[in-house]
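Here are my notes on this model, as numbered points. Please read them with the coordinates open.

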Amino acid sequence: VLEQTLQIDYTHPFGKSLKNKNSPNTNQNRGFSKGGRKGNEKKKQSNSNIIEIGAKVINRDRQITYSDKIDNILARPEEEFNYNQIVAASYLSSEFNLKYGIGLKAGIRHEFTQTNGDWKNEPERKFTTPYQDILPSFVISKSFSPMRSIKLSYNQRITRPSVRQINTNTNKLDNRNITIGNPNLKPTVTEQVELGINSFGRMLQGSFQIYYKNSTNIIESFLDSISDEKSWSSYRNIGESKQFGTNIFSSINLKKFNLRVSFDLYNYSGKDASLGYNEWTEPVLLYSYWIGGNYDLGKNWKAETSAFYRSPNRTIQGSSTTWSMMSIGIKKTFNNKRGSIGLRIIEPFNKNKEFINELDGEFFSQSNITTIPFRSFGISFKYTLGKLNFKDANKNTSIKNDDIKEESGGEF
């Protein structure tokens, strides 16, 4: 996979200076100010408003070569699939810091996409598919202090298919489950409304969000047929889905101990009349959680652990497997933290991992269980030479290369 990106951004500050005692840049964070005055004094903020414009061109080239062998005998000659995707995006964004800690941010993004595909042995199947999207966003927020705020946001975004989902090769997990990619997939368009509350302190931090999502052209694996004890699946654009959920994050920082917890609870419901699902499917409650922490053992030794669990992922036909992972490790830093060496174990209590898929349709029912070895050990070593400081340019722009659909862990 070859990806090339060309990007240009411009930010222009404007507006009069504002007096804002809630600015995170005031001495209130430090508890003192120069000259012995108390740190809650008001301070002028210059250039309190900004306008940002930018553009980006992404060129993605993917060359996929594949063939089929049965008992070391070539059953299908080698084929080469060339897939190209060009994305041209431009955006306009504005941000206003108003009185009383109120902030407004609004933006709009236009994206033009053109995909091309051709096969070496079947040139007549080549295709070119152009499409474009206009994606607005809006955020209104209220700051009560530098560490406490509430915000209401609305945005639209698109998610394009991954390489695995467009790959036209017959992907055989085993001899009974075969999946074929679909290069004609359209991107998923998602609208989201979210209300969030944030509170951050030196010892306790937390955030709480409730959200509603409506997505069209969702990319899902779809079981097409079952014959000769084999199931044939492909990726399709499902008509529509909706989710309503909440996310909670909390962390506690003590002198030697740090604990972080995140919990996501939401429901799923979908429909697609063209596939025979004329009404919304029965809402299914789904959840995931993540726990991580570390403990300072002293003398530059630190113990770390993390665990993640996701309930069975829901599709319009049924449920795919759960996904979980746990790790524990220990790390030693040296030479003023310029170097470190560590040991990490993935799944210390489970040598193998079991994945379960259950699908139901009008004329079929399928259950599949796959077991694979999963426990692993890793040793890491890192040392920094000089004063290298690589800054991420993406932190300063509203356009990011995060438009490709992530693969669900454990989608077996």
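1. G103 counts as buried because its relative accessibility is 10%, and the cut-off for buried is under 20%. Bear in mind that this is a predicted model.

2. Where does G103 sit? Its place is in strand β6. Leaving aside residues up to four places away in sequence, G103 touches F96, V139, I140 and S141. Take V139: it lies 36 residues from G103 along the chain, yet the two C-alpha atoms are separated by 8.0 Å.

3. Next, the strand pairing. Strand β6 covers residues 102–119 and strand β7 covers residues 127–145. The two run antiparallel and are joined by 16 bridges.

4. On to strand β8, residues 148–159. β7 and β8 also pair in the antiparallel sense, over eight bridges. A hairpin of two residues joins β7 to β8. S141, one of the residues that G103 touches, has K151 as its bridge partner in β8.

5. Now the aromatic rings. How many aromatic pairs does a search of the whole structure find? The search finds nine. Ring pairs link F81, Y83, W119 and F127 into a cluster. Residue 119 falls within the range of β6, and residue 127 within that of β7.

6. Last, charges over rings. The charged end of K242 sits over the ring of W280, at 4.4 Å from its centre. K353 lies over the face of F374, 5.0 Å from the ring centre.

Technical notes. Residues are numbered from 1 along each chain as its sequence is written. This is a predicted model: local features need pLDDT of at least 70, side-chain atom pairs count only at pLDDT 80 or more; totals for chains, interfaces and linings use all residues. Side-chain values use heavy atoms; hydrogens and water are left out. Rings of Phe, Tyr and Trp (its six-membered ring) pair if their centres lie within 6.5 Å; planes under 30 degrees apart count as stacked, over 60 as edge-to-face and the rest as tilted. A charge sits over a ring if NZ of Lys or CZ of Arg is within 6 Å of the ring centre and within 35 degrees of the ring normal. Two strands pair if DSSP finds at least two bridges between them. Helices (H or I, at least four residues) and strands (E, at least two) are DSSP runs, numbered from the N terminus. Buried means under 20% relative accessible area, exposed over 50%, partly exposed in between (1.4 Å probe, protein chains only). Contact means heavy atoms within 4.5 Å.
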